[in-house]
Amino acid sequence: MNITLDSHSNLILTAIQAEDQPVLYQLMDEVYRSGYRYIWEDQGDWYVNLIYNRHTLHKELKRPTSHYFFVELGGEKIGILKYDFPLSPRELEIPNAMKLHRLYLHPEVHGKGIAKILMDHCETVAVENGLEAIWLEAMECQMQARKFYEKCGFEPLLSYQLDFERIFPPYRGIEIWKKSLH
């Protein structure tokens, strides 16, 4: 399944399939590490291996609430988008909501408006499905991402510490952000 987001730039979402795992792994090995390598004792090995392995991908694709895509620009895979709905965080109740689970783009395409197009797509899907809010988790140390979310109308609700031992302690802070759609 393909979703055209911008025909002028040929920006397309392509549904990730189980057999795409090696391509997903290779892409995220580069993209995730480019932005998060510095927070991990092992430069992100444990996380990339956990999140993008075959077993985890199969489990995520089986969930009926999960929507997982490659982001392609001009036929080239430049990142991923994953959202889940309906889904509320464990830490607080956000009823009838979508979780923007993963939005990662290659650094070469940062600042080109692609993330905004992806956020607009998520909002459209949420509204079309009668959802009342979108929420996400942002690392406190990722100032660029937090500024972007604020610009998109999200507000921080709650902070907590990740219990991932391989993350250097100063970088374990994470925040839940929410945008109401009504």
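## Burial and surface

A residue is called buried under 20% relative accessible area, exposed over 50% and partly exposed in between, with a 1.4 Å probe and protein chains only. In this predicted model, buried residues make up 45% of the 182 residues of the chain. The accessible surface is about 9700 Å² (Shrake-Rupley method, 1.4 Å probe), and carbon and sulfur atoms hold 49% of that surface.

## Basis of the values

Residues are numbered from 1 along each chain as its sequence is written, and side-chain values use heavy atoms, without hydrogens and water. Local features need pLDDT of at least 70 and side-chain atom pairs count only at pLDDT 80 or more, while totals for chains, interfaces and linings use all residues.

## Fold and dimensions

The chain has five helices and eight strands, taken as DSSP runs (H or I, at least four residues; E, at least two). Their order from the N terminus is β-β-α-α-α-β-β-β-α-β-α-β-β.

The C-alpha atoms fill a box of roughly 45 × 40 × 35 Å along the principal axes. Of the contacts (heavy atoms within 4.5 Å) between residues at least 6 apart in sequence, 62% join residues at least 24 apart.

## Backbone features in loops

The loop between β4 (76–84) and β5 (97–105) contains Pro-86, which a cis peptide bond with omega of about -15° joins to Phe-85. Asn-96 lies in the loop between β4 and β5; this non-glycine residue has a positive phi of about 50°. Asn-96 is partly exposed because its relative accessible area is 31%.

Gln-43, in the loop between α1 (21–36) and α2 (45–51), is not a glycine either, and has a positive phi of about 60°. With 43% relative accessibility, Gln-43 counts as partly exposed.
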